[in-house]
Amino acid sequence: MRPDRAPWWLKAMAGGGLLFLHLPILLIFVYAFSSEAKTFVWPPPGFTLQWFGRAWARPDIWEALSLSLRVALIATLVALVLGTLCAAAVARTRFFGREAVSLLVVLPIALPGIITGISLRSAFSLADIPFSFWTIVLGHATFCIVVVYNNAVARFRRVSGNLIEASMDLGATYGQTLRHVILPNIATALLAGGMLAFALSFDEVIVTTFTAGQQATLPIWMLEELVRPRERPVTNVVAMVVVLVTLLPILGAYYLTRGTETVAGSGK
Amino acid sequence: MSVLADSGPRPAREGVGGRLSDLLWRRPGVLLALLLVPPLLWLGVVYLGSLFALLLQSFFSIDEFSGVIDRTPTLKTYGELLRPANLDIIWRTVLMAAAVTVASVAVAFPIAYYAARHARGRWKALFYLGVMLPLWSSYLVKVYAWKLILAKEGIVGWGFDSLGLGRVLEAFLAVPGIGGNSLSVSPTGTFIVFVYVWLPFMILPIQAALERVPDSLVEASGDLGATPGQTFRHVIWPLALPGVVAGSIFTFSLTLGDYIIPQIIGTSARFIGLAVYQYQGTAGNVPLAAAFAVVPIVIMGSYLAVAKRLGAFDAL
Amino acid sequence: MTAAVSFRGVSRHFGTVKAVDGVDLDIAEGEFFAMLGPSGSGKTTCLRLIAGFETPTAGRIELFGEDVSGRPPYRRAVNTVFQDYALFPHLNVLDNVAYGLMIAGVPKAERRRRAEEALSMMALPGYGGRKPSELSGGQRQRVALARALVNRPRVLLLDEPLGALDLKLREQMQDELKTLQRKVGITFVFVTHDQGEALSMADRVAVFNEGRIQQVGSPEEVYARPRTRFVADFVGGSNVLHPGVAALFGGRPAWASLRPEALRLGPPEGARITGVVTAARYLGAATRLVVDLGAGAPPDGRSDVAVLVPGGHPVPAPGTRVGLAWDAEALHPMATE
């Protein structure tokens, strides 16, 4: 079917749908500059840059940001290792229970986040594990594995099994094959998977509320501001920064996996 | 050395790496175990263990006076689910999930259809990113954006006022059951935000299903005398249905488990997610929260069983 | 002289599937050897057993008299040209060719020189800087050959080497592979499902079916004197005669094969066997006729035979009754299986 055959109303509905998806996010950008401090009045009575300075000077925001970045970093590293191992096993070999393993990997994200959250909380309470930095990482790594896994498994399938055999046929051991053939071929997929995992963790709030105790990641900080607003314009600024920070890894992952049959991101 | 040794220098395979490699070649099971044990250990212990803990908690009960959790197995907590107030919550949530799902299909289909069957080249990439970016954008920011939009003095109210339709909005908000003080504290607001936030999850599987419909089928249908409407009804829709069902799994499941949207945008009426959150938090009634959390698992389990029959998993 | 490759009672079973079942085989040094058979006949598994990608469930595999059954691929002096070539997509052509040398620890300058030499031998000088994705199918195959040969293997394995090429290139590569093998002088073992390829290139052919070897012999032997009905059928061309029909032709009452070019046409009068021409297919250098022998043909065997009429001879039209003549030694009885 050629592009020009689309009727106008279909174009309008598709285009309108895309606008519907994007306008609310763009609106945040406008509000971040609004000079009105108390209400969400539209149109903004004036524009100012003062809230950026105000947000910059808030130590609680910096603490939350730092916690979020550290959690996302560690959770991504754990997910990278576990997701890649799992993808290698599922894509490269046939074994009894393969389907069950892929289901197990997907489950933490297929079930509603609140289930994962309350489950972890129940487990922590039964095992008397106090909330800490590591309980947050534990939860995040669990649902980040699937993102890495999806990217890696697609790439492993694309890297023909013959490449590994060819390498060993030419004298390379498993270790040398891993270094000279497998890693160079899956590197971009892992990088993309890692970026998406990072974005997912950086943004996660539902599971985190159950595993964080008294600590606030940036999303938790935002959630508290939404429920009990203190300084609305500062929240606007943080919201805008969060959008920009998550945008970069997503775009990066997209460009890394462009042109392959499975593009990053379909796994969320 | 053997006759097979060639004249070149000795390669690295004679070292420790070579011996380890020999072991892996002789015992492929060891290699598989090395790959599988760490992730299975993590997911098995951390995740399945936690799910099991959740299930276990739901069979505990709470002493209503002291607030102490009694760890003797009982079905009492599940019995509490059947109280009218709690049944109300379940019913309200399922209804909302169903409404959100239907609305998502309606909004998502044209986007998916255009992206899959008309957009080419740059436009295709644009549509792809156009769906992917909102999907991955911060969930809280999206919810917050709608708080701004739906607020009494926000852009929607301003739009109605500018068009001189302020009274229409007021009349709508006066309708009991769907209205409220402003859109941001009405069930309609909750509904809109749910649809908005889960919409990409509906677009992607429908698009994937539609991509797989060969053009020749549509042309054959037209060739056999079908109008575009008939072709849609008899050819495209049935083939897109697995994608729709796959998308509905997401929208349904996500709505069932969400507790943030109804808390920020909506009335004080509770949904399953919010109930779970509040019972385990302020009320400290973890057993009841756990039992409530089992409800979406059961609903989604039966939903998935039906969806599997309809072939929805091929479109994931 | 010890054989280059020996199979001693080798089996490879996958669960209940007997991919290779009790194979005994000797491939001599310097031979161009073909493993021929339909898909699933076990020929590719045999190749993978030599390379070390599979291990035998029973029996042993020897290379130059040494048991290598327990040795991984990187400890065998054989190299493989894969069906899809398996060139490393992240390396350029030169690094692909030099991969084995790099792994073997050959110094950079020398492996570069040897890789370029190998590329020149494969008529690809100056292609080293390109990526495999920028090459045509034929060029990729040459790179794959160079990548294997640069390691100076004692046996070269080729998995369906011509399968991915188009017809014209395939015929050209048949000649080139043959010339190449003579030039490097090492043992070539190749797997194919195309009997024409096997017969035209190989010094000897092993015909596989259901995990077993049906016959090993020179192309002439396999073609003219198929040992079993399967070989006669698969290698093709020959008439497979039912025991009853074989008796008609003066042979023992057993399954027999008779080459179409061994049959001559004559007038029906006075001929021992007559039949009616039912179809004719012009092949250029000859015409292939199908002659129906008519009544008396057994129900479970073919009642017609193919006859090859060389160019220049008159070709009777379909419907014509003809007589058949043949040399008695052309009739070749087969094993009963």
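**Entry 1: a stretch of chain B.** I began with residues 235-252 of chain B, where the chain is 100% helix and 0% strand and the end C-alpha atoms are 26 Å apart. Helices here are DSSP runs of H or I with at least four residues, strands are E runs of at least two, and both are numbered from the N terminus.

**Ground rules.** This is a predicted model, so I noted that local features need pLDDT of at least 70, side-chain atom pairs count only at pLDDT 80 or more, and totals for chains, interfaces and linings use all residues. Residues are numbered from 1 along each chain as its sequence is written, chains are lettered from A and ligands numbered from 1 in the order in which they are written, and side-chain values use heavy atoms, with hydrogens and water left out.

**Entry 2: the record.** Which residues of chain B does UniProt list as "transmembrane region"? The unreviewed entry gives 29-56, 89-114, 126-146, 158-179, 191-210, 235-252 and 286-306. UniProt positions are in the numbering used here, feature names are shortened, and annotations may be inferred rather than shown by experiment. I also checked residues 158-179 of chain B: that span is 59% helix and 0% strand, with its end C-alpha atoms 18 Å apart.

**Entry 3: aromatic rings.** My search of the whole structure turned up 32 aromatic pairs over all chains. Rings of Phe, Tyr and Trp (its six-membered ring) pair if their centres lie within 6.5 Å; planes under 30 degrees apart are stacked, over 60 edge-to-face, the rest tilted. I picked B:F201 and B:F250, a tilted pair at 5.7 Å centre to centre with 40° between the planes. The two are 49 residues apart and link distant parts of the chain: B:F201 sits in helix α9 (residues 187-211) and B:F250 in helix α11 (residues 228-257), both of chain B.

Why does B:F201 count as buried? Because its relative accessibility is 11%, and buried means under 20% relative accessible area, exposed over 50%, partly exposed in between (1.4 Å probe, protein chains only). B:F250, at 26%, counts as partly exposed.

**Entry 4: over to chain C.** I found C:R147 over the face of C:F88, 4.8 Å from the ring centre. C:R229 lies over the face of C:W255, at 3.7 Å. The test wants NZ of Lys or CZ of Arg within 6 Å of the ring centre and within 35 degrees of the ring normal. Chain C has nine helices and 18 strands, and 53% of its 337 residues count as buried.
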